[in-house]
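I opened my notebook to go through this one from the overall fold down to single rings. Here is what I looked up, in the order I looked.

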Amino acid sequence: MNRQLRKNVVLVAAGAVVAAALAKELRKPSKARTWTGRVFGLPYDFRRPTPERIAREFWDPDSDAFFTPHAFGVGYGLNLARVTRVLRRSR
């Protein structure tokens with residue numbers, strides 16, 4: 001597959017996941033919409049991001065997970081606190 005085709009496939013797939021998450025929320029009655037959940041096994045969060053949620057996405061020392069849900073959007077971020085702990089132990 002050439003580079004441009006791969007790029008287009010990734011963009012279409014990402015757009016489809018976002019569209020599915022939005023459709024899932026819009027099918028709910030307006031008072032039941034949380035704008036958070038999972039679609040195709042991926043977490044989504046379309047609430048306005050807060051500094052605390054952004055920081056927790058990338059630095060959550062209380063979690064053993066390497067990947068944490070994005071503070072906004074679909075998918076995961078890297079928990080650098082977990083990565084740091086593992087790297088310190090491997091020295």
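**Ground rules.** I count two strands as paired if DSSP finds at least two bridges between them. Helices (H or I, at least four residues) and strands (E, at least two) are DSSP runs, numbered from the N terminus. I am working on a predicted model, where local features need pLDDT of at least 70 and side-chain atom pairs count only at pLDDT 80 or more, while totals for chains, interfaces and linings use all residues. Residues are numbered from 1 along each chain as its sequence is written, and side-chain values use heavy atoms, with hydrogens and water left out.

**Hairpin.** I began with β1 and β2, which pair in the antiparallel sense over 4 bridges. Here Thr36 stands opposite Asp45 in β2. The two strands form a hairpin with 2 residues between them.

**Sheet.** Next I asked myself: in what order do the strands of the open sheet run? I found 3 strands in the order β1-β2-β4, with antiparallel pairing. The edge strands, each pairing on one side only, are β1 (36-39) and β4 (73-74). Strand β2 (residues 42-45) pairs with β4 over 2 bridges, in the antiparallel sense. Asp45 turned up again, with Gly73 as its bridge partner in β4. Helix α1 (residues 3-26) packs on the sheet and touches β1, β2 and β4, a contact being heavy atoms within 4.5 Å. The direction of α1 makes about 125° with that of β1; axes are lines fitted to C-alpha atoms, for helices over the stretch in contact, and angles run from 0 to 180 degrees between N-to-C directions.

**Whole chain.** Stepping back, I noted 3 helices and 5 strands, running α-β-β-α-β-β-β-α from the N terminus on. Along its principal axes the C-alpha trace spans about 50 × 45 × 20 Å. Of the 91 residues, 23% count as buried (buried is under 20% relative accessible area, exposed over 50%, partly exposed in between, with a 1.4 Å probe and protein chains only).

**Positive phi.** Which way does phi point at Trp35, positive or negative? I read a positive value of about 65°, although Trp35 is not a glycine. Trp35 is in the loop between α1 and β1 and is partly exposed, at 27% relative accessible area. Phe40, in the turn of the hairpin, has a positive phi of about 55°. Phe40 is exposed, with a relative accessible area of 65%.

**Rings.** Rings of Phe, Tyr and Trp (its six-membered ring) pair if their centres lie within 6.5 Å; planes under 30 degrees apart count as stacked, over 60 as edge-to-face and the rest as tilted. One of the pairs is Phe46 with Phe72, edge-to-face at 6.1 Å centre to centre and 80° between the planes. This pair links distant parts of the chain, 26 residues apart: Phe46 sits in the loop between β2 and α2 (51-58), and Phe72 in the loop between β3 (67-69) and β4. Are the two buried or exposed? Phe46 is buried at 19% relative accessible area, whereas Phe72 counts as partly exposed at 46%. Ring pairs also bring in Tyr44, linking Tyr44, Phe46 and Phe72 into a cluster.
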